[in-house]
Amino acid sequence: MATSATAVVLGVTAALGSGLMTGAHAETSAAPTGLVLGVGANESQRVVSWYTPDNTPQVVQVAPTSKIVNGEFPANAVTFPATVAANSVNGGYNAHATIDSLHQNTAYSYRVGTQGSWSTTYSFKTQDFKGDFDFLFFGDPQIGSSGNVDKDGAGWKDTLDVSLAANPNAELLVSGGDQVETANTETQWNAFLASDKLRQYPWAATIGNHDVGGKAYEQHFWTPNTDRSAPYYNGSAATRSGGDYWYTYKGVLFIDLNSNAYSNGSDAAHLEFVSDVIENHGADAKYTVLVYHHSIYSPADHANDGDNQQRRQDFPTAFSKLGVDLVLQGHDHSYSRSYVIKNGKKSHPGEQPGSAQVAQGPGGVIYVTANSASGSKYYDLTAPDTNEDPNYGPDPLNPKSHWANSVENQEHVRTYVKVEVRDNKLVVENLRSGTCAAPNAAVELNKVSWCGPDSGATPAQPVGSAVDKVVIHPYRGNGWDNRADVATTTAAESDWLQ
């Protein structure tokens, strides 16, 4: 830990905590690029990743924003040394460092690089380390998938601007995967990382099938508690990105899986990872949230993919038995919210489509699929096809939808998902971040033939309006599961849900 008799350094060190070292000096080198603020192992950590053209020692320099005077860091601002490695694609080097021992309710400023060659200074703030919080979930920016990187990047930047203007105190930005269209194309990564919002709020990365084909994903994102052993990679670890990881945040255990990877043709390795993490770290968690790319209850183009049929066999019963509360997925470029699912079946037969409140009961899990956050690509909803998968047929209460899904939606407008974490409930809301107007690359480039609700028959709804909202009441062993189905209660009878 840096030590000094001066009040300035004591103030900096006290605000950051222990485990820090004083600023490093190095020869002048080229400025860093591609900075992204990542989630740490817990509330008191952040991980910063970046690119540098030179193989020189790199650090993250951090100070409370209140100690920055006229843009200058204190003389003895604390630093965290970075791990620097050669890029396997496109040359140069990548670096990452973990900022540790942060204090709650504090604004921090940071920069990366070396003495004489610092990046721009960026800031983030911590909030209470216990209690309620909100996070935002984003589906498939997939920059480049429309064929126009600039338009895709504009839509992605606008969603970040809109969502964080509406939710400035959101504490995490959670990825559904497919940050880019082509794994090793840096022009797409540059457009994905262009917004400074990704340097102000921690990005919890998820690997998608378009990210997995090269090392760029790992070079851009360093994730905490990551197991990069063979079962969690798709193909050779020398040429692919991958790994499963986990972190805790204010009473929520987040577990992120590389759903591209199969070991011996099944998901047993991933389930073992989830089981081990929950066994070792789940006792103190109010909620367990799983995140992975391939939506097992896809409402659109990927509904009956063979790999998804396999996951529908492998995952649901295990997730119910492990006490998972919420599963967040991408890949299908459309929105869906499941009924309460237990052991791969609808838990409450009377739960109505689009119910605004649901009680999970023991083993109940909600699955959410996020639509495109950038507008680069949309998939239209598909009708249930029992010829393709006899176990994924129509919903008896709403035959145009798949049996598992309470809500399926596609309007060809950008959306994001807001999750409110409260002591006695989770609130999941799918919100419009755009309209049919630009930036909306798929519409602008005539990749789709209509736009708006009801297959374009209804005008587009305003930015910020809700596509769907549900209040999820978790099971706490208090008999809620013995109550009448939420969907069939009267207003008076539903007081217990409040």
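**Helix H2 and beyond**

Guide: This is a predicted model, and in it helix H2 (residues 149-166) has 18 residues that should span 26 Å at 1.5 Å a residue, which agrees with its end C-alpha atoms being 26 Å apart.

Visitor: Which residues of H2 are buried?

Guide: Buried in H2 are Asp152, Gly153, Gly155, Trp156, Thr159, Leu160, Ser163 and Leu164. Seen down the axis of H2, these buried residues fall within an arc of 160°, so they line one face of the helix.

Visitor: And which exposed residues are on the face turned away from that side?

Guide: That face of H2 carries Asp150, Ala165 and Ala166 as exposed residues.

Visitor: What caps the N-terminal end of H2?

Guide: The cap is Asn148, which has a side-chain oxygen 3.2 Å from the backbone nitrogen of Asp150.

Visitor: Switching topic, which residues have the most contacts inside the largest nonpolar core?

Guide: Within that core of 32 residues, they are Phe135, Leu172, Phe254 and Leu326. Another core, of 28 residues, lies apart from it, and Leu160 of this other core is listed along with Val36, Leu136 and Ile207 among its members.

Visitor: Okay, now Thr187: buried or exposed?

Guide: Thr187, whose place is in helix H3 (residues 186-192), counts as exposed because its relative accessibility is 52%, and the cut-off for exposed is over 50%.

Visitor: How far apart are Thr187 and Gly144 in space?

Guide: C-alpha to C-alpha, Thr187 and Gly144 are 8.9 Å apart, although 43 residues apart in sequence.

Notes. Residues are numbered from 1 along each chain as its sequence is written. This is a predicted model: local features need pLDDT of at least 70, side-chain atom pairs count only at pLDDT 80 or more; totals for chains, interfaces and linings use all residues. Side-chain values use heavy atoms; hydrogens and water are left out. A nonpolar core is a set of buried Ala, Val, Leu, Ile, Met, Phe, Trp, Tyr and Cys residues joined through side-chain atoms within 4.5 Å. Buried means under 20% relative accessible area, exposed over 50%, partly exposed in between (1.4 Å probe, protein chains only). Helices (H or I, at least four residues) and strands (E, at least two) are DSSP runs, numbered from the N terminus. The expected span of a helix is 1.5 Å times one less than its number of residues. The arc is that of the directions from the helix axis to the C-beta atoms. A polar contact is a pair of N or O atoms within 3.5 Å; within protein, one must be able to donate a hydrogen and the other to accept it, and residues adjacent in sequence count only if both atoms are side-chain atoms.
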